[in-house]
Amino acid sequence: MARFLVRRLMVMVALLFVISLVTFMLFIVVLPNGNPAALLAGHLATPAEVHLISVRYGFDKPVWVQYVKTMANIFDGSAYSYQSGFNVLDEIRAGLPATLSLSLGAGFIWLLTSILVGTLAAIRAGRYTDRVLTLLSMVGVSMPVFFFGAVLIYFAGYKWGIIPLGGYVPWTQSLTGWLWHLVAPWLTLSILFIGIYSRILRSTILDTINEDFVRTAKAKGLSGRKVLLRHVLRNSLIPIISLWGLDLAQVIGGGAILTESVYNLHGVGYLAYQSVSHLDTVTLLSIVMLTALAVVVLGALTEVFYAFLDPRIRLQ
Amino acid sequence: MRYFPTGRGPTALAAETLDETLEIEQDFTLGVGPYKLAWLRLRRNRVSLAFGVLFLLIVVLCLLAPVYSHDIANIGPYTQNITGTVKVGGKVEDIVSLIGIPIGPTWQLHHYFLGADDNGRDVAVRLLYGGRNSLEIGAVATLMTMLLATICGLLAGYFRGLTDGIISRVLDVIWAYPAVLLGIVLGTVLEVHGLGPFHGTTLLSTAIVIGFVYVPYVAKPIRAQVLAMRDREFVDAARQQGLSHVRIMTTEILPNLASTIIVFIPLILANAILTEAGLTFLGAGVQPPNPSWGTMISDGISTIPAAFHNVLIPGIMLVLAVLSVNVFGDGLRDALDPRAKIRLGKE
């Protein structure tokens, strides 16, 4: 177990290194002369001013020196964005509450709802309930997030006035305000994942029901519900939980960009999007590293969790 | 033909479970190849076929965009007409009112059938042209993803060792980025600077970006399948016969991958269309004034609540197109592999 973890850790570090390198190189390639000094200096700057800025910020040093210094700054927490002038860590920290509230809230909502919907569809497989639920899941998967958000904002916000028109209220400020502002974003973000997960769960349950051990449990005389809960679900939920971990990491790291843009929640995803359009390398690098870190860590955690849940894997 | 059960036959109605259906099929389908079998199963699935037809209809409608534009509506997708007026049911109305509110659907085929957007452009014409763009991008992206993913998966699974190590690590790096973020980064890089021969965001560059982002999603299951097939006897037998590696890959392994590939195509197409809309909404995809369902929705959002039809109409078209691809793809998967041996997932 320890060797497995150490190996995963090494792979993690290597992966993060490569990701940071690739992102850095992409933006160095993009900026004129690999040099953001021209952007910083503004339209009316003279070449002398641009040169001064280059020297002051160290843009004239070779690329690998810049890379090392940038990464050192990021890990220090002292990196600040050239575009906005703010400390990157502070900006990310400011955006985290909105993103975490959105992602974690939506994550739990979609997990619970998918389990309900998937189980229901599997129990009533082939019948009317199943068909309706499957169709709804398909629609959920086919709907672009921003379209659904716009529709919700228009009907529930403008016409009926039951949800606010966007913005984020921290829960330290007002718990009811926080909830009220997050209901629509949670719903919007969940719809897509509910569609995906409920169908995966449904097919996994249908596969598990045909296994021998379920037949044995029924033959033993266990009630239908006990069989379902204790045997079928325990097995079927394993792939769902592992997928959930990975998806949650992706959503936290910026997969919620669309939702945050539509509802005007200034979270990490929105920050990432802004940094790309402003060609702000440092902020983007930090956020990408954060996401990749989250994905890799959560991936490793879910694998450990997998081994914990399923003794067969442990014995390998 | 009398061996094959149809949807109305007594056998299909009598079969209660999937197993019974398959057993009965086995009795009836001696000597029928797996693809013929799959086609028969697909034919029985009325819902999937209906949605498949719907998708074809949408495609045909969008391809006929120039016909509609030149012959029926007499207006192009870029023609702005902010100050013009149009006659609706006897009354003369401004296309875009004095405070900037565009007209809603007039339901008159020959002009502004579905209304106008805030620049006075005809929504119906833009919808069809935009559909052409969105579907084109989706198709090219899907083609690219499937080609690259098949090649990568084949090479990685067949040769294993160092090749597999390198390819898998590269795929992991791509996969570690959230898809939308990667799309935006690549899209912005292409737009601002260009990479190699590609400059600016043409439709092609957007398609390539989207195609690139989904390669790991397809390549990993393909690689897993190739790995499993590699150890089987028929590959050994082929090597014994002296067939070259390339020959083995194309003639022995690739045909077995066909089912998986066919099943993935509608899925990736649906994802590509959705991703294009998302990227365009964030400004990293198709640029205005080029129409695409994504640009229309994002333009329309700025005029909520006064002219919601600008958001609703392209949105509904988008949902219908993606939904029909998804449902048809689902039916295809059920037909090709009713026991769902093809695992689609993020392993």
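The largest nonpolar core of the predicted model comprises 152 residues, a nonpolar core being a set of buried Ala, Val, Leu, Ile, Met, Phe, Trp, Tyr and Cys residues joined through C-beta atoms within 7 Å. A residue is buried if 20 or more other C-beta atoms, placed from the backbone, lie within 10 Å of its own. The residues with the most contacts inside this core are A:Ile257, A:Ala272, B:Ile184, B:Val218 and B:Ile297. Helix α6 (residues 123-159) of chain B gives the most to the core, with 16 residues; helices are DSSP runs (H or I, at least four residues) numbered from the N terminus.

This is a predicted model, in which local features need pLDDT of at least 70 and side-chain atom pairs count only at pLDDT 80 or more, while totals for chains, interfaces and linings use all residues. Residues are numbered from 1 along each chain as its sequence is written, and chains are lettered from A and ligands numbered from 1 in the order in which they are written.

The contact between the chains takes 40 residues from chain A and 36 residues from chain B, with two residues in contact if their C-beta atoms, placed from the backbone, lie within 7 Å. On the side of chain B that touches chain A, α14(B) gives the most, with 8 residues. The residues of that side divide into 27 nonpolar, 7 polar and 2 charged.

Chain A is divided into domain 1 (35-81) and domain 2 (94-309), with bounds from an automatic or database domain assignment. The C-alpha centres of these domains of chain A lie 40 Å apart.

Methods: Helix = DSSP H or I, 4+ residues; strand = E, 2+ residues; numbered from the N terminus. Nonpolar A, V, L, I, M, F, W, Y, C, P; charged D, E, K, R; others polar. Buried ≥ 20, exposed ≤ 12 C-beta atoms within 10 Å, placed from the backbone.
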